[in-house]
Amino acid sequence: MTNSEKITAFRTIVVKEFLRFIRIWVQTVLPPVITTALYFIIFGNLIGSQIGDMEGFRYMDYIVPGLIMMAVITNSYGNVVSSFYGSKFQRNVEEMLVSPMPNYIILCGYVAGGVARGIIVGLAVTLISMLFSELHVYNGWVLVSVFILTSILFSLAGFINAVYANSFDDISIVPTFVLTPLTYLGGIFYSISLLPEFWQTASLANPILYMVNAFRYGFLGITDIHLSVSYTIIIVFIIVLYSFSMHLLNKGKGIRT
Amino acid sequence: MTKALQIKDLKKIYDNGFTALKGVSLDVEEGDFYALLGPNGAGKSTIIGIISSLVNKTSGSVSIFGDNTDNDFALARTYLGLVPQEFNFNVFEPIGEILINQAGYYGIPRAKAELKADELLHKLGLWEKRLDMARQLSGGMKRRLMIARALMHEPRLLILDEPTAGVDIEIRHTMWEFLKEINAQGTTIILTTHYLEEAENLCRNIGIIDHGTLIENTSMRELISRLQQETFVLDLGNSITKLPDVSGCNLTLLDDHTLEVILPRERAVNDLFSYLTKHDIKVLSMRNKTNRLEQLFMDMLDKSEARGNAS
Ligand SMILES: Nc1ncnc2c1ncn2[C@@H]1O[C@H](COP(=O)(O)OP(=O)(O)O)[C@@H](O)[C@H]1O
Ligand SMILES: [Mg+2]
């Protein structure tokens, strides 16, 4: 395939993926917006006023970055895992497998679809949060880059989950039992400096902590973790997950018999 | 002439240890209309799966128009259009989108793909349905959708795995006409089928596979010449009670208006008719009792079975 043919193939997957979640926006875009609005009302307004400041910021302002991150993580992951598993289940993944398009185009296409969903939902949640909190941007570059990298990372993770999944149960196990706990314990609602020493150290094993903190730095200029550590961890994860995804695709794991 | 398909010593052992192909070699010439026949479970879909890279082979090699499916997979796949046995499209996607996306995976820009999709939707009688989702189509329409999808990138080799299974007679015949037409325009076609009539009607060459082994690979004409005898059923215009005596033919009276004739190859049909005419027996119509290849086919499978048991 020529490069321009590859670009056409890539664009085809991305547009198809975009239209898929837009068509069912009531299931895909609306729920995270409602959930986040509830968080703002309960934690920000009702309880937050009792909590007082966190690291010198209103509690509401402190949790906004983490809540946006949470929406980006669950939606990027969820988009790729359900779309790719769905195409395995209905076997229309074969439409791509018989075509001359190389595997990395398939992978990048799905990841770009997950990132697109992350961006749409992330922006929607950001708009909602502006009703409750005055957003300040401390460092736009950090904000945008952490946002996109996190979205890529979890799109890749969702892809791997879909490759291994053999049932619809399998695509909800990881989000429920791994992703949700890690997200809640990833420093969205508190600074880890409030934790006892042991739990502070334990928290450092949670990769989501690094993303939430780096993203919060983009808004507020504060972080529990040095920025360079955050970026390194995120990028290493992306490289590992991408290589593993390519390995699975090249082997035909779960898609070629 | 270029070989459209070249398969060498293809073996497949599935993950559960089952040996589906025991070393199949097969060539199909460019421009051919080739039938792959065999009972259920013989390994037809496995061969097609390997050709189209949906099934990983255990050993052997496959080339499509000279390009190897391992080393030159992009070219090999571009030459191939596949209509699989099972429906494999997203039933929640509008059918026009299914076609345009498929072209996109081959690198065909949208504007060009739209023209091609329009043409194929018209030709295959799906134009009225182009905005419908795939799940709203009837079984026969779904088959035709898969044919249209396989042709979006104008492949030189079209492979159809049981394309007329579960399709009613009328649609089956229009499908045959369509396939004949694109074959005449130069597309090489390979199809698997259960219907011997279909193979006889469409195909020039034929391979018969059983238990993962190719037991026959020849031309349709040669195969038919092997028929030792044919059985005809004659509907008579007048009732007869006494069995006519035609030398060399074996006749049975099914009822007083129906005569069954077993005609050996060396006997001409003319002899039979001249006898009947002489005796004032009027024949209204004549047909083959079963498809004439059916018995031959069954005999071959029996022989292959016997060989399999002996080894
Ligand atoms: N994924 C699989 N795992 C194990 N055995 C399989 C698999 N797919 C097919 N088979 C077996 O391989 C044999 C050939 O199957 P197939 O190629 O589908 O036959 P056909 O298309 O001629 O009916 C059958 O016995 C079938 O049960
Ligand atoms: Mg089959």
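Reply: Buried means under 20% relative accessible area, and exposed means over 50%, with partly exposed in between. The model is predicted.

Me: Which residues of α9(B) are buried?

Reply: Helix α9 of chain B spans residues 269–278. On one side of α9(B), B:N270, B:T277 and B:K278 are exposed. With under 20% as the cut-off for buried, the residues of α9(B) that count as buried are B:L272, B:Y275 and B:L276.

Me: Why do the buried residues of α9(B) line one face of the helix, and within what arc do they fall?

Reply: The cover over the buried residues of α9(B) includes β11, β13 and β14 of chain B. Viewed down the axis of α9(B), the buried residues line one face because they fall within an arc of 95°.

Me: At about what angle does α9(B) run to β14(B)?

Reply: Helix α9 of chain B lies across β11, β13 and β14 of that chain. Its direction relative to β14(B) is about 155°.

Me: In what order do the four strands of the open sheet in chain B stand?

Reply: The pairing in this sheet is antiparallel. β12 (250–255) and β14 (283–288) of chain B each have a single partner strand, so they stand at the edges, with one side of each left without a neighbour in the sheet. Neighbouring strands are turned by 25° against each other on average, direction ignored. The order is β12-β13-β11-β14.

Me: Are B:S45 and B:Q85 exposed or partly exposed?

Reply: Exposed requires a relative accessible area over 50%, and buried requires one under 20%. B:S45 has 31% and B:Q85 has 26%. Because these values fall between the two cut-offs, B:S45 is partly exposed, and B:Q85 is also partly exposed.

Me: What distance separates the C-alpha atoms of A:I47 and A:Y59?

Reply: A:I47 is in helix α3 (residues 30–51) of chain A. A:I47 and A:Y59 are twelve residues apart along the chain, and their C-alpha atoms are separated by 9.2 Å.

Definitions and conventions. Residues numbered from 1 in each chain as written. Chains lettered and ligands numbered in written order. Predicted model: local features only at pLDDT ≥ 70, side-chain atom pairs only at ≥ 80, totals over all residues. Heavy atoms only, no water. Pairing = 2+ DSSP bridges. Helix = DSSP H or I, 4+ residues; strand = E, 2+ residues; numbered from the N terminus. Axes fitted to C-alpha atoms, helices over the stretch in contact; angles between N-to-C directions. Contact = heavy atoms within 4.5 Å. Buried < 20%, exposed > 50% of the residue type's maximum accessible area, 1.4 Å probe, protein only. Arc of directions from axis to C-beta.
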